[in-house]
Amino acid sequence: MRSLTLRGGLVLIVIAALVPIGALTVVQALSTLRYSRSLIGNQLVTSALATAGHEGDPLIIARQVLFTLSANPQVRTAGPGCHEALKSGFGTSPALLVFARFDASGQILCSSTPLDWPISAASEKWWQRGIQSGSFSVSGVIMAPVLQKRVIVAMQPIIAANGAKDGLITATIDASRLEQSLVTSGVRRNAAVAIVNGSGDVVLTHEGRSLPHFDVNAGNAKVAYAKTREGTRWMYAAAPLYERELFVVYAEPVDQLMATSVRQVRINLILPLVALVMASLAIWLGTTRLVLRWLDALRRLANEFARGDFAGQPGIFEKSPHEIRVLSDDLHRMGSAIAANGGALQAALDAKTALTRDIHHRVKNNLQIVSSLLNLQASKISDPAAREALNQTRARIGALAQIHRLLYEESHDSDHGNVNISSLMEALCSQLRTLHRGQTSVHLDCDVAPQKVPINSAVPLTLFAVEAVTNAYRHAFPGGRAGTVTIRFEVNGDVASLAICDNGTGYDATSDASSMGRQLMRAFAQQLGGEKSVTSTPQGTTVFLRYPFEPNIDE
């Protein structure tokens, strides 16, 4: 599993620190958005109610005037003073255009303004609605043919003494004045104000933009939403202008209405992300400049120390942070101490190596002196058996001398307690050929590949070979018979084997088992922890040694 980097860890810490802040910012932004929406909605409702109150003044005045006129006897009876009584209604509001008295059949009886006679409103929907109503009522926006204006008709029924309906008194309200007042009633720049009927259709507005169909029930004194055919969403509130007949709708486009709040919310949401990016960038640059590049320099310094170069370059850390510079100084002091100790250890090792080589050299010389003394002694002995025994001893001592010679000459391997078995066996064969130079018809062959062998194994292994080769020279080639003796050594995994083969006459391997040579070979095999076996036929004899091979652990 890949370990976390310093830079990545710091970035994760920053993320962990900023995530709660970001979450709180999101919650706060959403709360602000909801609050802004609620505040704007309250403003819309307030504006709708205020506009409705302002626009409702002509209707309220018309209602009061019509109620007063309906009690006037001249108006009720359409007498001679009816015209003058109706004219008295002027001046109460500039939006009131004409007052008229209609009988129960819809014929006009008198009016505040001279009109062409006869005029009947019996077929008009507003008349039918007004005559059927038992109290004050208003029409929608209609076109008055006589006045050639869009008007709203306010109607007050006249009830006779017997309870029958005796016609209507009407007041015609100028719709264009109401429309103009919609614009001058404190409307905000992006807002739209309209008068709609009970079905939600716009009947009066000064707005040039396309307005949607408004659900006055959903928006009555509360906030609602509507969409135009073009897809523009409007947020609006409706307030009754007159009962359930006419409503004032105050609306604003949602995109423009919430633009500031949405923009602020977006800023609140983006700021934590920007902070996270900037913090991560700062960590990326800061760790690279203040930490990582100096860590790379320290790693290169450690690699130089590992290669044995303890000089380093202290100057490159002069501009590093204080902690890195202190660590660099500590590493250089450590390197200097290691170099000093290494020098002392190397001097001690050199002295130890020289002493070891000298010891091996002296031992080799002493063994050669002993061998020479034995040779002198053997030359003075006339008994062949005694002379052979001395020669056999000389061969054993010579083998030991060859081991110490190799340890002296190969100083590196002697430090590790190893000896090259190939060189050792070649030297041993040369020595044995010299020792048996009288048997010129016998050839000694050494077939050993280079292999490092611990000295504690080399000694018994070499002495084993001396005994086996000497036996072959003594017994395998009687009467000056010619032949070959071969020494083979190999290692297969953790098992080493030594074989001394000859092509002599062979002998009974079970006979003479108590001879000194056999006893020594058995002892050397046991010392190696191995097994010795002898196979002999008329075609030759093979002495085989097999033992566990354990390389020197210091090699």
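Colleague: In which order do the five strands of the open sheet lie?

Modeller: Two strands count as paired if DSSP finds at least two bridges between them, strands being DSSP runs (E, at least two residues) and helices likewise (H or I, at least four), numbered from the N terminus. In this predicted model, the order is β7-β6-β10-β9-β8, with antiparallel pairing. Neighbouring strands are turned against each other by 40 degrees on average, direction ignored. Residues are numbered from 1 along each chain as its sequence is written. Local features need pLDDT of at least 70, side-chain atom pairs count only at pLDDT 80 or more, totals for chains, interfaces and linings use all residues, and side-chain values use heavy atoms, leaving out hydrogens and water.

Colleague: How many bridges join β6 to β10?

Modeller: Six bridges join β6 (residues 192–197) to the antiparallel β10 (residues 246–253). N197 stands opposite L246 in β10.

Colleague: How are two packed helices described?

Modeller: The description uses the angle between their axes and the distance between the axes. Axes are lines fitted to C-alpha atoms, for helices over the stretch in contact, with angles from 0 to 180 degrees between N-to-C directions. Here the axes of α13 (residues 455–475) and α14 (residues 516–528) come within 9 Å and cross at roughly 155 degrees. Therefore α13 and α14 are roughly antiparallel to each other (an angle over 145 degrees).

Colleague: Which residues of α13 and α14 make the contact?

Modeller: With contact meaning heavy atoms within 4.5 Å, the residues include L461 and F464 of α13 and L520 and F524 of α14.

Methods
Parallel < 35°, antiparallel > 145°, perpendicular 65-115°, else oblique.
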